[in-house]
Amino acid sequence: MSGRLRCVSSHRRHVLRSGWELLRTPPGFASGAEALVEGNWVPIGSLGTVAHCERDAGRWTLDATGLASFDADDWWYRVRFDGAPESESGEVVLGFDGLATLCDVWLNGTSLLRSENMFVAAEVPVTGQLHRSENELVLCFRSLESALKVKRPRPAWRVPMLTQQQLRWHRTSLLGRTPGWSPPAPPVGPWRDVWLEARDFVSVVSHRMHSSLELERGAISLNLVLRAASTVRSVLAIVECGEFTQEAFLASDGVNGWSGAVLVDNPQLWWPHTHGTPTLYSVKLRIAVGEVDVEVDLGKTGFRSVEVGTLEGDFSIRVNKVDVFCRGACWMPLDPASLRATADQMSAALEQVCQAGMNMIRVTGLTTYEEDAFYDECDRRGVLVWQDFMFANMDYPLADQAFSSSVEVEVGQQVARWQGRPCIAVVCGNSEVSQQAAMWGASREHWEPEFFTRTLANWVSQGLPGVPYWPSSAWGGAFPHQVDAGTVSYYGVGAYLRTPEDARLSGLRFATECLALANVPVPASVEALAGGNPLRVTHARWKERAPRDLAAGWDFEDVRDHYMRHLFAVDAARLRYVDHDRYLHFARATSRELMVATFSQWRATGSSCRGALVLALRDLWTGAGWGLIDAMGRPKSCYWGLRQALQPLAVLLTDEGCNGVAVHVTNDRDASSRIRLKLEVWRRDALLALGERDLTVSGRCTLKLSALELLDHFMDLTNAYRFGPLAHDCVVVTAYREDGVRVGEAFHFPSGSGVERLDDPGLLAVASGSDEKGNVTLTVSAASLAVAVCIEAQGYLADDDCFHLAPGQKRMLQLRPIDGRSRMQRGIASALNSRAPAVISIAG
Amino acid sequence: MSTHSELDQRIRAVLSAYGRLGSDVQSLSADADLYQAGLTSHASVNVMLALEGEFGIEFPDNMLNRSVFGSVGAIGAALMELGVVSGKP
């Protein structure tokens, strides 16, 4: 099995990517390929899921309506290929890295394989079974809808987001089968590669790789089982990192096994990027077998320790003995139709994660296990991974022998892929299974299925020693979704409509998912929705893509509107009637302000919270989805807000009521930071108060001071005392490095302040000429406070949205061309508190 | 005086185990309102699942509503509609 095996030099792999044909038949139409009609096969461009193939051929898009689900029919794939030239000392293997979900495979008319688990890869030896040419491989993916009609025992609890409760019997993804929040593209077909491999001289039957750290010595331990036609004379393990290299021979057990360890004294540690450098060591093997040397690449590993502290309901993650505030989001596949992404796309997506100051991504049980390129990027960039197994919410039939055997294979394979990967921080049994049982009213004995508390924990501890295991994404306390104990899906701020202060009042420890707001994408993306700009939020096409709980009489846009009212004292419904564009502007500002306020409380000094992951990182289809980034990869306003609040060195403000405004400076890095803090209190364009303080923030520390420490007189900055009418508009705190570079900024608006359309805040926006990439630098400033400034420039995307400008402050932004356009022709900058937008003046 | 049939008894046994009713199930009349007796919609789901298990039937979607589970008598009538014969196991 592939595990961490990247490449074996004596193996030649041919991925069967092209030359395939596709055929759709009614379910159960034919039990075998012989019954099929010749003429109906349609050629496929490149192999992939049904959704991918149909989209490629122009027969389907996410915008299509009224079509039958891919789960309704049987889908046949066929390819003809030449046999691999065989050598005497080798084997030939056909590999199927992922088949979704109930699949029969025939080779040259003979049944080869039956797969019933989308998450299990199969390798079938076919040495001697292939013709020199014109071999025929046929795959049939049986209708899941038909399979779901089979009568089986009912679950002990129902899952509201699913219309099909018996999905629990099938090892397949819930994506595309949750009409409330995922697009109608369930994964059907070969969702990973199908390949033919000739393996000469030696095969790696199994391998285990594990890196550990003991005091100041690192060890990479290796265990292999090899199979070779001639004698394996030696196995050398080679570990490299930059200039450093270390080698060690493995010892033979006399039969097929080889084991040993490469020791690295004082290794460079792997750190999440917010806390240090994610140093990786490459691991290779040189196997001397017969007359040749075969090189094996096992990829890269890193030295780090991960522990989870759970004292008194706590849930805190420590990496290399340092407490890490984990912040990030729940991953969604970059392309829900194909479930694949290129290495470049993966890289770009993880780059966005790192730029925002996020240091953890959760792969949730609702989706799929990701490709190797994803974990490679997380290792490389220092992004921690919270990895669920693909179980979510349902009452899984784990007592069923066939089911649990299949799961055991699945778990073994996935664990083998994660071994030795420093990014894997927590492995979690499932998403919300215990929570769902409890919420539905099932009694307590259903809340802790032994499979997730015991069995899976044992398998993980054997396969991934040193990696913490957690039974469920919502776990800990008197009931699974108790907020102030263990982990939870935290929606107090969000769906449960509690005040923003609930973020800290709830005593949250660790949110494995949170917020889940219907975030409106930037105007350029709204235009891309069928119908473009005139599309209103009440339109069915818009609503189709706004998330909802199926059983609820509200949707997540109602949640966003509730907070719009709370934060801006604006009647969302009325505003939507009279000025839809302004309503959307408020909507984007709401997402950003709420997320910044929430994370500021969680990251603040004295907070009980040790981590939070937003649902979700990215939308699955264009619309007001849960993503911080839209389906086209464009960050939304809330992404930019979090970018400000989540940096390793950050300034955050919290409203402490009668205690005034608290300023928190947080420093995740090892080295201490000298900064200058500047506090300004503004009314219109008048600076009412100014204070400055030079500070040293120690490494791995947060500092807290009261805003009033920087002033020499009392001001009711939070409008808690109300001795008179509101005296100021906002408080701005900025942090500068010693060289004058601004490293952090935060705004606070006193409670009770709305956003009034003042006289023109004097917004000025000037665009420079474009550079060689076509990027334009935009300089924006305002004479008085400008709230939630938004830039709209035809054909360009700005790298900020809904940001505030203090009076007299100048911001420089990059505008990047969407499609290689080289000249910016027009654009506007608008603020929530300006009557009219400012036209961007274009210089040069 | 009514003697509870076997069907009736089995229904009451399920209600005792899963209904979480405030009052004693045996003392309820056949048309006593179960919701008044404390049946919540949460508990009614567990009752429904248990009835399906006990009688080997499946409630179709259009029978998953409040009126079907409104009383012991209503449950009995629904079961008979689904082919369960009174007095037989």
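What is the accessible surface of chain B, and what share of it belongs to carbon and sulfur atoms?

1. In this predicted model, the accessible surface of chain B comes to about 4700 Å². Carbon and sulfur atoms account for 52% of that surface.

2. Chain B contains 3 helices and 0 strands. Read from the N terminus, its elements follow the order α-α-α. The radius of gyration of chain B is 12 Å, close to the 12 Å that the globule rule gives for 89 residues, so chain B is as compact as a globular protein of that length. Along the principal axes, the C-alpha atoms of chain B fill a box of roughly 30 × 30 × 20 Å.

3. The interior of chain B may be considered next. Of its 89 residues, 45% count as buried, a term that stands for under 20% relative accessible area. Among contacts between residues at least 6 apart in the sequence of chain B, 54% join residues at least 24 apart.

4. In chain A, helix 11 covers residues 556-568 and has 13 residues. From its first C-alpha to its last, helix 11 reaches 18 Å, close to the 18 Å expected at 1.5 Å a residue.

5. Which residues of helix 11 of chain A are buried? They are A:Phe556, A:Glu557, A:Val559, A:Arg560, A:Asp561, A:Tyr563, A:Met564 and A:Phe568. The cover over these buried residues includes helix 10 (540-544), helix 12 (572-578) and helix 13 (580-603) of chain A. An α-helix has 3.6 residues a turn, so residues three or four places apart point the same way.

Conventions:
Residues are numbered from 1 along each chain as its sequence is written. Chains are lettered from A and ligands numbered from 1 in the order in which they are written. This is a predicted model: local features need pLDDT of at least 70, side-chain atom pairs count only at pLDDT 80 or more; totals for chains, interfaces and linings use all residues. Side-chain values use heavy atoms; hydrogens and water are left out. Helices (H or I, at least four residues) and strands (E, at least two) are DSSP runs, numbered from the N terminus. The radius of gyration is taken over C-alpha atoms; the globule rule is 2.2 Å times the number of residues to the power 0.38. Buried means under 20% relative accessible area, exposed over 50%, partly exposed in between (1.4 Å probe, protein chains only). Contact means heavy atoms within 4.5 Å. Accessible areas come from the Shrake-Rupley method with a 1.4 Å probe; for residues, only the protein chains shown count as cover. The expected span of a helix is 1.5 Å times one less than its number of residues.
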